[in-house]
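Please read the following with the sequence and the coordinates open side by side. The text goes from strand pairing to helix packing and then to single residues.

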Amino acid sequence: MYLIDTYDVIVVGAGHAGCEAALAAARMGMKTLLTTISLENVAMMPCNPAIGGPGKSHLVKEIDALGGEMGIAADATAIQMRMLNLGKGPAVYALRAQSDKSEYHRYMKKVVENTDNLDLKQIQVMDIIVEDGKCAGITTELHEEYRAKAVILCTGTYLDSEIIIGETMYSGGPNGMRPSVGLSENLKKRGIKILRFKTGTPSRVDIRSLHLDHMQLEEGDPQNHAFSFMNEREDRNQRNCWLTYTNEETHQIIRDNLMRAPKYAGLIHGVGARYCPSIEDKVVRFADKKRHQLFIEPEGLDTNEMYVQGMSTSMPIDVQYAFLRTIPGLEDVKVMRPAYAIEYDLLDPLQLYPTLELKKLPGLYSAGQANGTSGYEEAAAQGLMAGINAALKIQGKDPFILGRHEAYTGALIDDLVTKGTNEPYRMMTSRSEYRLILRQDNADLRLTEKGRQIGLVDDARYEHFLRRKKNFEDAMEYIRTARFTPKPEINEALEKAGAAPLTTGIGADQILKRPEMTYRKMIEILGCPEFDPEAIEEMEITVKYEGYIARQEAAVRKAAKMESEKMPADIDYLHMDGISIEARQKLDEVRPLSLGQASRISGVSPADMSVLMVYIKRRKAEK
């Protein structure tokens, strides 16, 4: 081996996790190396060219609030934006952007290449270097050696990955890229537990072969949007999408060829994502459904490729053509890239601390789909946190761990390292028990101060945040202090707007709480002052949902107390009296950092928790 260079942090893999990890470490002053099998892999979107959606948009906003890059890149490369779930309440509003796939890659590559302290290299990593029980660097297929104080594995779906289309199976990575061969086997030799999962992607079809008039047009929102709190809300719509459906003929073709599907033929052994099933799984699992929704979405501004969202499959290409051509609008479809399944190795996330460092191998971190998640947003959130914690450890500072009550990112990582996952994990709003206070619109109010303390939020971003915060505080100050009395002109204005007249003096916040009332109406009919539109949105949600928010904040205070009770690192769980054998084994495996984390471990009962609480109280008394 030939020593090429020495770094503070080395990031293996330059997908969405790797880019955020490397950027975070470099921006925190670490000399950082970002490696990738191919420079064309940087922030590549091998599946849907889109950012955001339910649960996922919250992660993007949190990444942005902490000083990450995904939200800025999504805004810069968006070709359509829509706000989803507007009929379900602000807790689950979800911004989604259709991105220009090639432009997103180019944008992020340019950012990476021009970031101080950060080198980008095309390298096939074969092994990690371990010295004195710690990770000390990497070795490559060209017999190079790179030393580092921390290594972050962000290998995505490339570890010993295999492409499957019908009976055709070959070693390969996503989108025709090389797989990572050798690293997975060497990680196993280091005692790291490896799982095997499966994911898939639909066909890409030529827009010139589609009958767009046979499908339903899906335009972007007329309202302006932005993912990044740094960017102005503006119209980013440049391309349309289309909606169509499968039918009984589609389903019959799939049923007739089911044994040619690799999963049902026993050729696929990896575990697939329950929340993103293939079309053959949908037909089998939801046999009573007469049709399944499909979105035809552009891959970019400079390509004819269209993504058939909802049609993931690994069936043979002749079957793909047969069922695609039964769908309205796709009667004469030409496939530019076939759908495929991909199996890949990953690390069991139960081996990780909440910092995403491996428990048994200090200095080695892991983030992204290599930890069992699905999706660009989940990967990027993990990458950011791994990069932050690797840098903080090198700096000799306390780790940065977000609680479930503080962020969706906290819930994501806590679920992985506390409960593990037996399938690709997807973030959804239902995963958070505090979703009314962890909204996408208030991510900066929740997290930007934390990002500033870490050293990731620069002066420009912080000044922008302070202005936004001041705008919100001004709006809240007015709505809490302004009062209205039952004057004739006030009541006349209210009645014209379809609202009940006042019978006594009342606060402006009480008027706003009326179901039929909005602050925009109050400006028009009551002469209330204008505020920044984003501040009005935040204020309105805060006032209208005040009672629910107060209840969740009480639950948060209780949860924070449990998280503050730290578990001693030297506890011998396996020989602890008074708790069940299952609880002993699970506690020993997870090694929880707090009582709160211990309480969420599957198999640890309330009775077991009572014993743990007594044990910690006794330890404190002894000290």
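What follows is a walk through selected strands, helices and loop residues.

This is a predicted model, in which local features need pLDDT of at least 70 and side-chain atom pairs count only at pLDDT 80 or more, while totals for chains, interfaces and linings use all residues. Residues are numbered from 1 along each chain as its sequence is written, and side-chain values use heavy atoms, with hydrogens and water left out. Helices (H or I, at least four residues) and strands (E, at least two) are DSSP runs, numbered from the N terminus.

Begin with the strands. Strands of a sheet pair through backbone hydrogen bonds, either parallel or antiparallel. Here, two strands pair if DSSP finds at least two bridges between them. An open sheet is formed by three strands in the order 3-5-4, and the pairing is antiparallel. Strand 3 (50–52) and strand 4 (78–84) stand at its edges with a single partner strand each, so one side of each has no neighbour in the sheet. From one strand to the next, the twist averages 20 degrees; such angles run from 0 to 180 degrees between N-to-C directions, and axes are lines fitted to C-alpha atoms, for helices over the stretch in contact. Strand 4 pairs with strand 5 (residues 94–99) in the antiparallel sense over six bridges. Within strand 5, Ser99 is the residue opposite Ala78.

Why is strand 15 (residues 241–245) largely enclosed by the rest of the structure? Four of its five residues are buried, so the strand is largely enclosed. Buried means under 20% relative accessible area, exposed means over 50%, and partly exposed is in between, with a 1.4 Å probe and protein chains only. Strand 15 has an antiparallel pairing with strand 14 (residues 216–218) over three bridges, and Cys241 in strand 15 is the bridge partner of Glu218. Strand 15 also pairs with strand 16 (residues 293–298), again in the antiparallel sense, over four bridges. There, Leu243 has Phe295 in strand 16 as its bridge partner.

Next come the helices. Two packed helices are described by the angle between their axes and the distance between the axes. The axes of helix 1 (residues 16–27) and helix 4 (residues 101–113) come within 11 Å and cross at roughly 25 degrees. Helix 1 and helix 4 are therefore roughly parallel to each other; angles under 35 degrees count as roughly parallel, over 145 as roughly antiparallel, 65 to 115 as roughly perpendicular and the rest as oblique. Their crossing is left-handed, a term for the near helix being turned anticlockwise from the far one by less than a right angle, with right-handed used if clockwise. On the helix 1 side the contact is made by His16, Cys19, Leu23 and Arg27, and on the helix 4 side by Tyr104, Met108, Val111 and Val112. Contact means heavy atoms within 4.5 Å. By class, the contact of helix 1 with helix 4 has six nonpolar residues, one polar and one charged. Ala, Val, Leu, Ile, Met, Phe, Trp, Tyr, Cys and Pro count as nonpolar, Asp, Glu, Lys and Arg as charged, and the others, Gly among them, as polar.

Helix 6 passes helix 8 in a right-handed crossing. Thr250, Ile253 and Ile254 of helix 6 meet Val319, Ala322 and Phe323 of helix 8. The residues of this contact divide into five nonpolar, one polar and no charged.

Some loop residues complete the tour. Asn117, in the loop between helix 4 and strand 6 (118–122), has a phi near 70 degrees, a positive value in a residue other than glycine. Asn117 is partly exposed, with a relative accessible area of 40%. Asn175 lies in the loop between strand 11 (168–171) and helix 5 (183–189), and its phi, near 60 degrees, is also positive in a residue other than glycine. Asn175 counts as partly exposed at 22% relative accessibility.

Is Ser374 buried or exposed? Ser374 is buried, with a relative accessible area of 15%. Its place is in the loop between strand 20 (364–366) and helix 9 (376–394). Not counting residues up to four places away in sequence, Ser374 touches Lys56, Gln369, Pro424, Tyr425 and Arg426. Asp398, in the loop between helix 9 and helix 10 (408–419), is exposed, with a relative accessible area of 67%.
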